[in-house]
There are 2 protein chains.
Amino acid sequence: MNSLAQLITPACLLDLNKFRRNCQRMQAVADSEQLTLRPHVKTLKSLQAAEYYAPASGPITVSTLAEAATFASAGYTDILYAVGLSPNKFGQLAAIQRLARDFTVIADSLAAVNALADYAGELELPLSVMLEVDVDDHRAGLLPQSDELIICARALSAAPNIHFRGIMTHAGASYDCDTKASQQAMGQQECERIANAAANLLAAGIPCELVSAGSTPTALAGIKHTGINELRAGVYATFDCVMAGLGVCETDDIALSVLTSVIGHQVDKNWVIVDAGWMALSRDQGTALQQQDCGYGLVCDEHGKLLDGWYVSATNQEHGIISHRDNLTPPESVFGYGRLLRILPIHACATAAQYSKYHVIGDDGNISAIWSRVNGW
Amino acid sequence: MNSLAQLITPACLLDLNKFRRNCQRMQAVADSEQLTLRPHVKTLKSLQAAEYYAPASGPITVSTLAEAATFASAGYTDILYAVGLSPNKFGQLAAIQRLARDFTVIADSLAAVNALADYAGELELPLSVMLEVDVDDHRAGLLPQSDELIICARALSAAPNIHFRGIMTHAGASYDCDTKASQQAMGQQECERIANAAANLLAAGIPCELVSAGSTPTALAGIKHTGINELRAGVYATFDCVMAGLGVCETDDIALSVLTSVIGHQVDKNWVIVDAGWMALSRDQGTALQQQDCGYGLVCDEHGKLLDGWYVSATNQEHGIISHRDNLTPPESVFGYGRLLRILPIHACATAAQYSKYHVIGDDGNISAIWSRVNGW
């Protein structure tokens with residue numbers, strides 16, 4: 001089976017050429033600045049996909065211990081779990097450490113640091129820990145200028161079986177920066193604030209081996225990332241409508257799509273009903289506050305050509321409703337019963353999460369491979 | 001392992017007592033009206049859960065052919081696949097039919113009817129088909145008074161290897177009815193319009209064996225469901241914040257929750273950071289337009305006691321941010337690092353979809369069973 005027409009819809013497609021081009025774009029940024037790129041594999045969570053942008057010879061970022069375990073088993077040795085760790089996950093650390101020498105966890109409070117320090121005594125191998133720094137008031141992390149940052153770093157450095165590896169941040173607020181100028185300003189802020197945190201630690205006698213920062217918009221903002229030595233980003237591998245809406249990529253760069261079939265119409269309303277609902281697309285509406293609301297996804301024909309003005313305007317569990325911004329009548333030649341369409345995802349991480357595998361589309365428009373995905377925790 | 005403290009978070013919990021009480025409530029409505037209840041198993045997609053509310057001896061509704069195949073393999077014989085069928089799924093029908101004698105698909109256009117009629121010739125067994133009727137301008141279906149309804153029914157009745165089984169509808173618009181009166185009116189409309197469709201077909205010489213309607217709000221609206229002989233609903237088994245917001249249930253009836261751990265804080269902002277982000281909760285924000293916006297879920301302590309005013313105000317992929325409506329400071333005794341909490345889902349179907357299994361909580365508050373779930377298509 002290698003033609004799209006033989007697939008059961010909905011199915012998740014990955015355009016290999018666009019995916020590779022996106023991966024090369026980010027690698028070129030890191031290379032030009034002599035920064036280590038530590039790709040976040042959370043979007044695709046696929047060992048086969050990672051061969052193209054996050055090979056086992058290099059460092060990666062993961063969002064779950066399930067990813068960490070899978071990638072560690074496949075030979076990855078430098079894995080950063082970039083989510084604060086709850087104590088009920090401590091029992092999983094030893095097995096991952098045995099496979100991945102530089103497996104690293106993060107903390108952003110003295111409570112978490114103390115819990116890790118207590119537990120580290122039970123581990124055979126030293127536990128690598130980084131501190132998370134808040135550079136954008138967006139989510140987690142210690143403030144760069146805070147005493148608690150120094151107290152935590154000191155506690156980690158002093159703990160018998162812990163290796164304090166440095167500091168990391170993620171300027172998630174960049175997803176709300178809808179101009180190149182604001183993305184550049186956020187990128188500068190991200191670098192300056194984490195560099196300040198590193199300087200404060202150094203002044204307190206605690207050097208940072210790693211000073212790690214990044215998000216797709218700030219990494220690709222075209223600035224010089226001064227004061228960090230590691231760049232992290234993830235969604236750039238596929239991009240999505242949110243990124244296109246921010247101008248970080250073109251719609252044509254979006255490498256992920258959902259193949260769907262037309263299952264019906266509401267003629268009076270100019271609606272096309274497809275078999276991709278929120279189960280296939282996710283409930284993410286990340287473009288709702290952008291200049292152009294793409295609903296639950298932009299519509300392409302089966303070959304991936306964007307159909308201007310057509311978008312998924314509503315979803316139920318297994319139904320999507322496609323309509324046109326100017327309420328045009330859907331032409332039968334494109335939207336007839338049984339026709340295949342592709343939907344470009346609003347948020348690739350959320351759409352990809354609804355699948356256990358990807359159908360990879362090669363040069364000839366046929367399926368060249370099926371790649372698996374690690375779900376769960 | 002049977003204590004919650006031994007679980008890896010996030011995890012999806014099902015309160016057995018609440019679940020059973022919810023199931024009994026809907027069954028009592030159907031029984032009192034002498035209607036067949038055809039539960040929709042799409043919320044939990046679990047054979048073990050279905051034993052409590054949708055046993056193999058009775059009819060069920062499914063949302064995917066993966067569910068249909070799983071339930072057919074487990075002995076279910078009367079399975080309604082309540083989503084319009086695309087031609088690329090026709091090849092899956094024969095295997096399900098062989099196991100499930102009364103497996104039934106739906107159509108809502110002459111194009112789909114003709115495609116089914118053509119394909120039915122290749123099947124060993126007659127294919128049961130129902131027509132979908134639109135009673136609320138909400139999604140799919142033929143209009144009750146339309147000529148096309150009669151044309152489609154006539155074509156199905158005349159097709160050699162097709163068994164025309166009747167008509168079905170789902171008043172999805174009831175999810176926007178936020179008063180008991182409007183839910184009752186929608187329930188009346190749902191029944192009247194599909195009964196009119198059945199009358200029009202009968203006048204054209206085409207009787208309907210099944211006249212099937214329902215949604216959780218209209219089924220529980222406390223009206224007499226006149227003119228139908230089958231009631232369909234699904235989310236009542238667990239309920240969720242959307243249903244509680246409509247007054248269809250109490251918050252205390254919600255049987256599904258996500259167990260999460262506190263992984264950090266932003267003290268200045270009165271934020272609690274937990275390890276349940278949108279990957280664990282889904283991106284559904286179905287209460288955003290209700291009187292009370294519950295964000296991504298309401299917060300309970302680890303025993304399931306609602307913590308008044310606390311809700312998940314923001315999510316990223318693996319991070320949830322809990323805050324209080326009046327910006328109260330989170331007490332350490334409840335929200336300290338490592339503490340367990342339970343999040344009540346906004347939309348149970350979407351939250352449950354993020355998991356491959358449920359941890360069932362019995363009378364003693366411990367885990368009494370693990371139930372599996374059928375994902376994918």
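**Notebook: chains A and B**

I began with the pairing of the chains and found 60 residues of chain B in contact with 60 residues of chain A. The model I was reading is a predicted one.

I then looked up the extent of this pairing, since the size of an interface is often given as the accessible area lost when the parts come together. Chain A and chain B bury about 4700 Å² between them, and carbon and sulfur atoms carry 56% of that area. On the chain B side, I noted that B:Arg139, B:Tyr337 and B:Trp377 lose the most area to chain A. Together these three residues make up 18% of what chain B buries there.

I recorded 12 helices and 17 strands in chain A. Along the principal axes, the C-alpha atoms of chain A fill a box of roughly 70 × 40 × 35 Å.

I also checked packing within the chain. Of the 377 residues in chain A, 63% count as buried. Among contacts in chain A with a separation of 6 or more, I found that 65% join residues 24 or more positions apart.

Chain A has an accessible surface of about 13300 Å², and 49% of it belongs to carbon and sulfur atoms.

Technical notes:
Residues are numbered from 1 along each chain as its sequence is written. Chains are lettered from A and ligands numbered from 1 in the order in which they are written. This is a predicted model: local features need pLDDT of at least 70, side-chain atom pairs count only at pLDDT 80 or more; totals for chains, interfaces and linings use all residues. Side-chain values use heavy atoms; hydrogens and water are left out. Helices (H or I, at least four residues) and strands (E, at least two) are DSSP runs, numbered from the N terminus. Buried means under 20% relative accessible area, exposed over 50%, partly exposed in between (1.4 Å probe, protein chains only). Contact means heavy atoms within 4.5 Å. Accessible areas come from the Shrake-Rupley method with a 1.4 Å probe; for residues, only the protein chains shown count as cover. Buried area is the accessible area (1.4 Å probe) that two parts lose on being put together, summed over both.
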